[in-house]
Amino acid sequence: MARIMAFDYGTKRIGIAVTDPLQIIATGLDTIHPQYIVDYLKKYLQTEQVERFIVGEPKQMDNTPSQSAIHVKGFVGLLKRTFPEIPIEMLDERFTSKMASATIAQSGMNKKNRQNKELVDTISAVILLQSYMDRRLF
């Protein structure tokens, strides 16, 4: 089986998570600046097979797109143009950053590590991917 890859897109950083080849476990992979994402993915895809991209869809509490939705739309367009053979699914990402911060706080890390925004973005991508995997089971 191929992996599933998830992205928590931000204009400063993209958190990336990926499943194992059997699609059982979601793991944080990396945090990349948006300008390097295409090169990063091309290199990754030379050695790993990915069957699907999951991209966090930013929404407000009333279910309307948030201000960052336009940036995510551009990112999705870039993925479609660059990797047309890989399907893309959008998944509501509300609360993933708050959940990631809470997970980090509960982990017992020191304050400096808890404030690491790259770690928050990567864990947000893991939460997004795990949510996608859990949803598929039902």
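Which residues of α2 are buried? In this predicted model, the buried residues of α2 are Ala69, Val72, Phe75, Val76, Gly77 and Leu79. They pack against β1, β2, α1, β4 and β5.

The chain contains five helices and five strands. Their order along the sequence is β-β-β-α-β-α-β-α-α-α. The chain has 138 residues, and 41% of them count as buried. Of the contacts between residues at least 6 apart in sequence, 63% join residues at least 24 apart.

The largest nonpolar core has 21 residues, and the members that touch the most others are Met5, Phe7, Ile37, Phe53, Val55, Phe75 and Leu79. Two or more residues of this core come from each of β1 (3-9), β2 (14-19), α1 (37-47), β4 (50-57) and α2 (69-82). A second, separate core holds 12 residues, among them Ala26, Leu91, Ala125 and Val126.

Apart from its neighbours within four places in sequence, phenylalanine 75 is in contact with Phe7, Tyr9, Ile14, Ile37 and Val55. Phenylalanine 75 has a relative accessible area of 3%, under the 20% limit, and therefore counts as buried. Phenylalanine 7 is buried too, with a relative accessible area of 0%.

Four aromatic pairs are counted in the chain. A pair of aromatic rings is described by the distance of the centres and the angle of the planes. For phenylalanine 7 and phenylalanine 75 the centres are 5.3 Å apart and the planes stand at 75 degrees; the pair is edge-to-face because this angle is over 60 degrees. Phenylalanine 7 belongs to strand β1 and phenylalanine 75 to helix α2, and the pair links these distant parts of the chain across 68 residues.

Phenylalanine 53 and phenylalanine 83 form another edge-to-face pair, with 5.9 Å from centre to centre and 80 degrees between the planes. Phenylalanine 53 lies in strand β4, whereas phenylalanine 83 lies in the loop between α2 and β5 (88-92), so the pair ties together parts 30 residues apart in sequence. Phenylalanine 53 is buried at a relative accessible area of 0%, and phenylalanine 83 counts as buried at 5%. Through ring pairs, Phe7, Tyr9, Phe53, Phe75 and Phe83 are linked into a cluster.

Serine 68 lies in the loop between β4 and α2. With 32% relative accessibility, serine 68 counts as partly exposed. Serine 68 is 58 residues from glycine 10 in sequence, and their C-alpha atoms are 7.9 Å apart in space.

The next step is the pairing of β2. Strand β2 runs antiparallel to strand β3 (residues 26-32), and six bridges join the two. Within this pairing, glycine 15 stands opposite threonine 31 in β3. The hairpin of β2 and β3 has six residues between the strands. Glutamine 23 has its place in the loop between these strands. Its phi is near 60 degrees, a positive value in a residue other than glycine. Which is glutamine 23, buried or exposed? Glutamine 23 is buried, because its relative accessible area of 8% is under 20%.

The last helix is α5, residues 117-136. Its 20 residues should span 28 Å at 1.5 Å a residue, and the end C-alpha atoms are 29 Å apart, which agrees. The buried residues of α5 are Val120, Asp121, Thr122, Ser124, Ala125, Val126, Ile127, Leu128, Leu129, Tyr132 and Met133. Ala125 and Val126 are included in the second core, together with Ala26 and Leu91.

Note on methods. Residues numbered from 1 in each chain as written. Predicted model: local features only at pLDDT ≥ 70, side-chain atom pairs only at ≥ 80, totals over all residues. Heavy atoms only, no water. Helix = DSSP H or I, 4+ residues; strand = E, 2+ residues; numbered from the N terminus. Buried < 20%, exposed > 50% of the residue type's maximum accessible area, 1.4 Å probe, protein only. Contact = heavy atoms within 4.5 Å. Core = buried A, V, L, I, M, F, W, Y, C linked by side-chain atoms within 4.5 Å. Phe/Tyr/Trp six-rings, centres within 6.5 Å; stacked < 30°, edge-to-face > 60°. Expected span 1.5 Å × (residues − 1). Pairing = 2+ DSSP bridges.
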